[in-house]
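Me: I am new to this structure and would like to learn how to read it. Could we go through a few features in turn?

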Amino acid sequence: MFKEIKLSEMKENPVALFKEQWALVTAGNSEKLNTMTVSWGAVGELWGMDMATIYIRPQRYTEEFLDREDYFTITFYPEDKKGIHKICGSKSGRDIDKVKACNLTPCFDEAAPYFKEAEIVILCRKVAKSRFNPDEIIDKSVIDRFYEIKDFHYIYQGAVEKVLISE
């Protein structure tokens, strides 16, 4: 059971959630969806809207779903569900059914799927997509540390349409 709140009413620190708890980003529909672990993300204000930003490498299967769909979700889980991030962060949905492997229960009552096991659901409407340009990365040590194979992340900005918290 979930209750809707405003983004500004979230008690949790979004920076800490991404950095310490990690999240799943999910896109798709009731016929086919994909989810993946993310630990890089942000929540703030952009263009007069509450906005969430996620970073996805181009080879990730979820990127296809994010491109195709207008909405995606970012979901956070209790500590006892931390194991989902190992599977969803290391396995491809091309090869396994991650939802089944993690015993997740999809919910399709919003514009994008999310999972019943989540503590926090952020529903986002896709607003913009860009990509890190290596020529515009000022601190070149970032490239050496994070982009050995030059697979620079896509950056998705989503307007936060709804925040749900488990009750």
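Reply: A polar contact is a pair of N or O atoms within 3.5 Å; within protein, one must be able to donate a hydrogen and the other to accept it, and residues adjacent in sequence count only if both atoms are side-chain atoms. Here, the side chains of histidine 153 and tyrosine 147 are joined by a polar contact of 2.6 Å. The model is predicted, so local features need pLDDT of at least 70 and side-chain atom pairs pLDDT 80 or more, while totals for chains, interfaces and linings use all residues. Residues are numbered from 1 along each chain as its sequence is written, and side-chain values use heavy atoms, with hydrogens and water left out.

Me: Where does histidine 153 lie?

Reply: Helices (H or I, at least four residues) and strands (E, at least two) are DSSP runs, numbered from the N terminus. Histidine 153 sits in the loop between helix 5 (141-146) and strand 10 (154-166).

Me: Is histidine 153 buried or exposed?

Reply: Buried means under 20% relative accessible area, exposed over 50%, and partly exposed in between (1.4 Å probe, protein chains only). Histidine 153 has a relative accessible area of 6%, so it counts as buried. By contrast, lysine 86 is exposed, at 67%; lysine 86 is found in helix 3.

Me: Which residues does histidine 153 touch?

Reply: Contact means heavy atoms within 4.5 Å. Leaving out residues up to four places away in sequence, histidine 153 touches Trp40, Tyr55, Ile56, Arg57, Ser130, Arg131, Phe132 and Tyr147.

Me: What lines the largest pocket?

Reply: On a 1 Å grid over the protein atoms alone, a pocket is an open set of points where a 1.4 Å probe fits, with protein on both sides within 12 Å along at least five of seven lines; lining residues have an atom within 4 Å of a point. The largest pocket is lined by 14 residues, and Met36, Thr37, Arg57, Arg60 and His153 lie nearest its centre. Strand 3 (33-38) gives the most, with three residues.

Me: How much space lies in the largest pocket?

Reply: Grid points are joined across faces, edges and corners, and a volume is the space filled by probe spheres set on the points. The largest pocket holds about 270 Å³, and the second largest pocket about 190 Å³.

Me: Which elements supply the lining of the second largest pocket?

Reply: Strand 1 (2-5), helix 1 (14-21) and strand 10 each supply at least two residues. Among the lining residues are Lys3, Glu9, Leu17 and Ser166.
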